[in-house]
Structure formats: C-alpha cells, structure tokens
Amino acid sequence: MITAERKPFEAVYEFARRHQKILVLGCGTCVTVCMAGGEKEVDALASQITLAARQKDDNITVEKHTIERQCDQEFFDEQTSRKIKQADAVISLACGVGVQFCIECFTDSIVYPGVDTKFYGANTEQGIWAERCIGCGDCVLEKFGGLCPVARCSKSLLNGPCGGSAEGKCEVDPENIDCVWQLIYDRMEKLGRLDELELNVPANNWTAGRDGGPRKIVREDITL
Amino acid sequence: MKSESRLEKILASGQFALTGELGPPKSVDVDFIRQKAEYLKGKVDAVNITDNQTAIVRMSSFAVALILKEMHLEPTMQITCRDRNRLAIQSDVLGAAAHGIHNILCLTGDHQCFGNHTTAKNVFDIDAVQLIEMLRQMRDEKKFANGEEIKNSKKAPIKEPRIFIGAAVNPFADPLKFRATRLAKKINAGVDFVQTQCIYDMERFNEWMKQVRNRGLHEKVKILAGVTPLKSVGMAQYMRDCVAGLMVPDTYLERLSKAQDTAAEAINICVEQIHQLREIEGIAGIHLMAIEWEKKVPEIAEKANLLPRPRV
C-alpha cells in the first residue's frame, strides 16, 4: 500500500484558518489501512479543527466526508462534488496522488494536503509500516531471492553489501534498518542459490523509474 | 603495463608497495596540502586523495591530486558513487587522465547522513563494482559506459584514459562469508589493486585472507593491507567504539595508556602491525593511513624497513 502519516496539526490548522468553510476529505483505501487518512482520522481532524477554532476565536466551520478512492474519477460522485464545491477549501487526507487528482477534478477548488505521503510499504507489525518498493519500474526481485536492494539498501547497491553492514544492520540507522544485503545473503543461502550472488550485476537502466521523467501507463486494449 | 602509474610498476615488479593517504582541506588552504604532501614525498609510492570522505565537503580529490603532481608525488584519486552519476564520473576520469593522474580508486562512498550536509540527495547511480567495470571498459575496450568509442568525433582517433584501477575492501564488515566474494566481484569487474580497511583484528583479517587464498584471489589482484596508527588512547577508543566493524584489541589500548610516550608507543604498535602483515601470504604492500598524522609517516616507514622506496 501507499503509506502516509498525518501532518502536524499546527501545519494543517494553518491551512484551515485561511478559510471559513473547510471540507476534510478522507480516502477509503491505502491511507485508511495505514490509519492516516480514513474516516476515523477525518472525524478526529474535523473535531480538532473545530475545537481549535473555538479556542482561538477563528470563524471556521468544518464538514467531513470520506470516499472510497481519491485517485479514481468514478468515486467523486455527485454528493462529493457538491460538498467540495460548497467548501471554501478542502483538506484532503489522501496520499499525494489523491490530493492532486482531486485538484485535477475540481480545478476551481483549493485542496490542501493533510498527510505526508511516505512510501510503498507493508504493515510488518501492529502499528509499524516498512518500505518495500520504490516503483523503479523494472522489478529485479527474482534476482535477489525476493528482497529488493533498490528500495531497501540505503545506497541502492546492486552488488552489495557495502562496508557498513554489521550484525545484520545498516550503519545508516542500526536500530531501525536491517541490512537488506544480509537478508539477501541469508535467503539465497537458504535457497541454495549463493552462486548467483557471485555474478556482477551491470549498471542499472534507471529510465524505467523516476529518472525517465514522470511516467504513464497506456493500455491500448482498454482505452476508449 | 596498463598505465604509466609508478604504483603499477612497483606492484608488477613484485616489490612490496607502500601507499599513503592525504585528506583534502575544508577550505582553499593550499599550504595545508603542501605541508602534508612534503611529509609523504619520497616516503610512499602513491598517495590516496580522499573524495569528500565521511560525506564532509572538502576540496575535490581531482584538484588536490593536481597539486600533488606539481610536487612530483604520485596521486591516487579516489572517486565515490555518492555525489556523481556515470556522466560526471566519466568526465572526471577523462580529465584526470589528461592531467597525468594514473591511479583511480573506486568507492561506493559513505552515506551522506554521516557528514555535514545531511539534507542532501545522494546519487548512487552506480555502485563500486559497476564503477570499476566502467573504468576498465573505458581503458581496455576504449568505450564509454554507453558503448560509444572514446573519441572526439567519427574520424578522430580513439584516446582512452590509461589508468591503474583500485578499490577498497572491508574484511571486517558482515556478512563475513560474503566478504571474499565481494573481492571476487571487484576482481571480475577488473580491479588491479585493492586497499583494505584499517586492520587491528589480526585474527579476523587472517581468516579473510585464508578465504581469499583458497579462492586464489591474491594471485589475481594486488592486496595492500590498510594500517592506521592509533595516535592516542582517545583515538583507539573511538576506533573501537564508534567505527562499525572495527575491533581494536584491548592490549593496544592498555599499551597506549601505560606508555610514558604515547606517540612512540603508537608508532611501535603500527610498525609491529606492518611486520605482521608483511608475513601474510598474498599481501603485496601496505596502505598507511596516518590520519592527521602524516608527519609520522617517514618515521613509521623507516622503522618498518620500508625505506628507501624503490625507483622504477
């Protein structure tokens, strides 16, 4: 999933106080699962803004609404459209994709980001999400026993590990980051494929990733 | 010979090499460079010039290498993959070769989080193994990383950089069993010589060298053993406690703290280490990294019977 974290309330309130009628718009998919921008978080943020406005004597009224996905046109239904248009501004709790797409759909509206979008990650333990993919556009997982050095090595080394691997941890943050090259080594050893790690991986072609410029997928078979 | 490098000639002739290291200044202080270089002149075969080591901004290794050349010292220009992509690196390699810099050492580079510009974006377009391969291809196949020939135009002659390619190896990092493989990968990429991380844990180093010899790697690459004198108790403690993977034996700490003349004892220890390393089969030289202690290099080299340096 795409993970996100709520922005500090003070930052969000700074957006809100520029307007009188605010719509807090949640997203029912990734950010709901990672508990940053779903219905619950919409409720909490709306109450927080209302309370703060009362304390500071700011004239702000807050509406709230959550749709299934803000990255897909079909979920911006008539009711949602009305609420967005009636508000002076929207604070979207969707990921960066949702916020931008909301703006694309409602070009006359002002939409603020209410969360900081983080990464593609997995929910590894309760309350913990960890990065697993950077969307490089050319999946190499098969080569490395199913562990991605592009996303999970601090230096994206394809012929790792570097000299900063100690006791299974990455020197960049030994408490929080596993050395993915240690994990790759252990996994390949278990699979009996250590000989494959002897092969030199050539310089990567980064054009499938962000370095090729903003990307687009066109599926001719389903376009109208 | 692959290049005009003096270091290459010494290693190829089977003579025991000694290289030094010089960290560029965090300013335009040329006197600082010249002073350090004077200590090393005639005492080592080549001098590594670090490339923004520990991710701290310093004068470029290219520029300092040129100053050393003016002083008739042979520089080994270090290049890391942290700050430059394959375009910038190849461009620097052409420039370095044009100025008669014959040795280039390929490194991945310390992560920027350890330096003084922690908010910077890193590059890591290629890694150290790929950097070695790129340089070897430039020299031996006379081609850029993209496969184009190294010539200025279709009709122009090929003018490739003739360089002696080095790399670093860390026998002490994990996974231990992968460390000899990592060297093998660098050899397969085309490295000519390697310098190790500074060695204090002789047992673990011997274990690594055994793996290296079992695979016959010492016959395919020149291995220079890294040595850094522990000039004070504080430095020894720092190396032991703060540098990942470095095990500094307590006996060294005890000897340094009991010594009346700490500097003299530090040199004794360093000289002992060099003698021990020289005995190990497969060691072709010493890489002496006297960090901020370059002035002691002549004394260490003398006591370790490494002077005079061979003339080639």
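How many helices and how many strands make up the secondary structure of chain B? In this predicted model, the secondary structure of chain B comes to 11 helices and eight strands. The radius of gyration of chain B is 19 Å, close to the 20 Å given by the globule rule for 312 residues, so chain B is as compact as a globular protein of that length. Chain A, for its part, is divided into two domains, domain 1 (2–119) and domain 2 (137–201).

**Overall dimensions and burial**

- Taken along the principal axes, the box filled by the C-alpha atoms of chain B is roughly 70 × 45 × 45 Å.
- Of the 312 residues in chain B, 50% count as buried.
- When contacts in chain B between residues at least 6 apart in sequence are considered, 78% of them join residues that are at least 24 apart.
- In chain A, the centres of domain 1 and domain 2, taken over C-alpha atoms, are separated by 38 Å.

**The barrel of chain B**

- Eight strands of chain B close into a barrel, in the order S1-S2-S3-S4-S5-S6-S7-S8, and their pairing is parallel; on average, neighbouring strands of this sheet are turned by 30 degrees against each other, with direction ignored.
- Within chain B, strand S6 (residues 193–198) and strand S7 (residues 222–227) run parallel and are joined by four bridges, and B:Phe193 stands opposite B:Lys222 in S7(B).

**Helices against the strands**

**Nonpolar cores**

- The largest nonpolar core holds 92 residues, of which B:Ile104, B:Cys106, B:Leu131, B:Ile132, B:Leu135 and B:Val194 touch the most other members.
- A second, separate core of 33 residues has among its members A:Val12, A:Cys30, A:Val42 and A:Val99.
- Once neighbours within four places in sequence are left aside, B:Ile132 is in contact with B:Cys106, B:Ile165, B:Ala167, B:Lys186, B:Ala189, B:Gly190 and B:Val191; B:Cys106, like B:Ile132 itself, is one of the residues that touch the most other members of the largest core.

Notes. Residues numbered from 1 in each chain as written. Chains lettered and ligands numbered in written order. Predicted model: local features only at pLDDT ≥ 70, side-chain atom pairs only at ≥ 80, totals over all residues. Core = buried A, V, L, I, M, F, W, Y, C linked by C-beta atoms within 7 Å. Buried ≥ 20, exposed ≤ 12 C-beta atoms within 10 Å, placed from the backbone. Contact = placed C-beta atoms within 7 Å. Pairing = 2+ DSSP bridges. Helix = DSSP H or I, 4+ residues; strand = E, 2+ residues; numbered from the N terminus. Axes fitted to C-alpha atoms, helices over the stretch in contact; angles between N-to-C directions. Domains from an automatic or database assignment. Rg over C-alpha atoms; globule rule 2.2 N^0.38 Å.
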